Amino acid sequence: MALGGVVAVATIALFGTLPTLGADAGSAAHSAQEAAHASASHGTADHAHVAVSVFSLKQIAHSYLTAYMFCLSLCVGSLFLTLAHHLFDAGWSASIRRVTETVASLLFPWMLILALPIIGFAWTGNLHAWFKINPADDHALDVKKVLFNPMAFTVMVPTLITLLGLLARQIRAWSIAQDKDGAAHWTSKSRKLSAAGIFLFAFGVTLLCFLLMKSLQHQFFSTMYGVYYFAGSVWTTLITLYLLTMWLSQPGRPLEKVYFKRQQQDLAVLFFAFTVFYAYIHFSQYFLIWNAALPEETFWYVRREVGSWKWVGMIILFGHFFVPFLLLLNQDIKRNMAVMIPVGAWAWLMQYIDMTYNVMPVVHPDGLHLTLWDPIFWIGMSVLLGRLFWSEYQKNPPYPLKDPRLQEAIVHHEVPAPGASAAH
Amino acid sequence: MNSNRSKPHGLLAEFHTAADIFEAAMRCRDAGFTQWDVYTPFPIHGMDEAMGLRKSPVGWFTFCGGFTGFFTGMTMIWYMNKFDYPLVVGGKPLFTPLYAFPVSYEMTILLSAFGTLFGMFFLNQLPKFYNPLFKNERFKKSTDDRFFLCIEATDPKFGMDATRTFLTEKCHAAVVELVED
């Protein structure tokens, strides 16, 4: 978790000065113009134009939500990797599956408990503006009130997190049961559940990020949004898993004998693939909106071109895509710790900035304003969940001991170095 | 032609399982042979390392192709829409990397694929119309259920008897001699 601290300090060092840059007169005028444009085109006021003070509940609520969405992305990313392992009947990932199973199991009850303050913030009018708007006064809300109404939010958010969490827990429970008897039917049960679970996952994650994050600006439309959140989530999870399993496989640690460089390479390759996939998805969302140029959609990005938000967007474009993409093109780099550890810290930072980019322009239309709350919640929540993960992880065997595919993960693809065959 | 009749091409060893040829490949690697290859009905994981092959340079052809494609796409659209025949479409700027991106992206993929394919052809000296292996009747099973390893006579370590002994005794394979034809 020292990683989180380093990343947070780097964030503050990097962006601490940006708000003053963004707060110049030119961008303030631009912002006012944009606001006028947005309200004229919608017939509704775009809420929250007044910058909020650091100690207001509104600021705390948004900082909390940003941190929550970051942590949620690791949990849903891990759930996806677990489901994908079973769906593809994969061999190579068997020995690292216990890690993703355990991270995904944090969804229930821990992520559920951590979601409760968000519901509280929303009801007290500190988060989603539509909690306090009469749909009759706002056409954009009126057409979406089936989903965006306080009752639906209060019921759906906890239910979805619980369902995803129970899915993760069930698969993990079967995997642990298999540690005892080694019966193959646990694997086929998990595969069947994963086949249904992937649908629950797709709908659940999409609805969750619509409700929690996208609806902060409920006027916005994007069919890409769910996939966008998913792509960033799996991206962050893969590099986290890469570094975590790397650490767990050091001499004397539990994965030492079951984790090899091929698996490490495969994780890095998947991370690389999701770098491209994320960029593809985010670019598609941006490009379609830009090309169609409908005010109902463009306002979301127009608002994110105000002040320093424009540079945050550029950081996401270059930092989330170009830098890791060009860096990881080379095969050998993917196992070079001197590169991969900084890339991991960088990826955490990028995912957090991406969440900030989605959440914060609502309360800080003039540009990025980092407050003390951001690192407090981000690091606090990461450390808390990290500790919960570690205590859960230690309660059970560190890898599926009797998984039928474990042998494949261990012996396959490993070739003795020159000279080794002479011993035969 | 006739002078080639008795000129040896190499020794062909036949194996029944992937594990056997894998083991044999490691022995050949460790024995220091350089002019040899394996022929299997399907890809065998880890064979590259077992053979001691270095990393393929094909990636560089791919990279150069992709790089060229991306900038060709960008330049082409800039030239056509902004320079040669400025045309306003849908109130959009005459040129921005944004709308040029999808085309540049496709060009990147296209030329990357060309780079990969033709780079691979070039490095493998393809197309090649003839190889003495094709004359061997048993070799046809390399697309079915047999695994072959061929050490060529051009290998500096090749010696007809020594290599044959190596393949039969160390690698436990059925060995036949191939001739140039």
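**Entry 1: B:S6.** I looked up B:S6 and found it in the segment before β1 (8–15) of chain B; strands are DSSP runs of E of at least two residues, helices runs of H or I of at least four, numbered from the N terminus. This is a predicted model, where local features need pLDDT of at least 70, side-chain atom pairs count only at pLDDT 80 or more, and totals for chains, interfaces and linings use all residues. Residues are numbered from 1 along each chain as its sequence is written, while chains are lettered from A and ligands numbered from 1 in the order in which they are written.

Why does B:S6 count as exposed? Because it has 8 C-beta neighbours inside 10 Å; exposed means 12 or fewer other C-beta atoms within 10 Å, buried 20 or more, partly exposed in between, with C-beta atoms placed from the backbone. I also checked B:L178: it is 172 residues from B:S6 in sequence, yet their C-alpha atoms are 9.3 Å apart.

**Entry 2: helix α4 of chain B.** I followed α4 over residues 97–123 and saw a bend of about 30° at B:V103 (the angle between axes fitted to the seven residues ending there and the seven starting there). Its buried residues include B:A100, B:S104, B:M107 and B:L111. Part of their cover comes from α3 (58–84) of chain B. After α4(B) comes B:Q125, with a positive phi near 55°.

**Entry 3: confidence in chain A.** I noted a mean pLDDT (the predictor's confidence in each residue, from 0 to 100) of 87 for chain A, with 85% of its residues at 70 or more. Residues 1–49 of chain A stay under 50. Where pLDDT is low, predicted coordinates should not be read in detail.

Terms used:
Contact = placed C-beta atoms within 7 Å.
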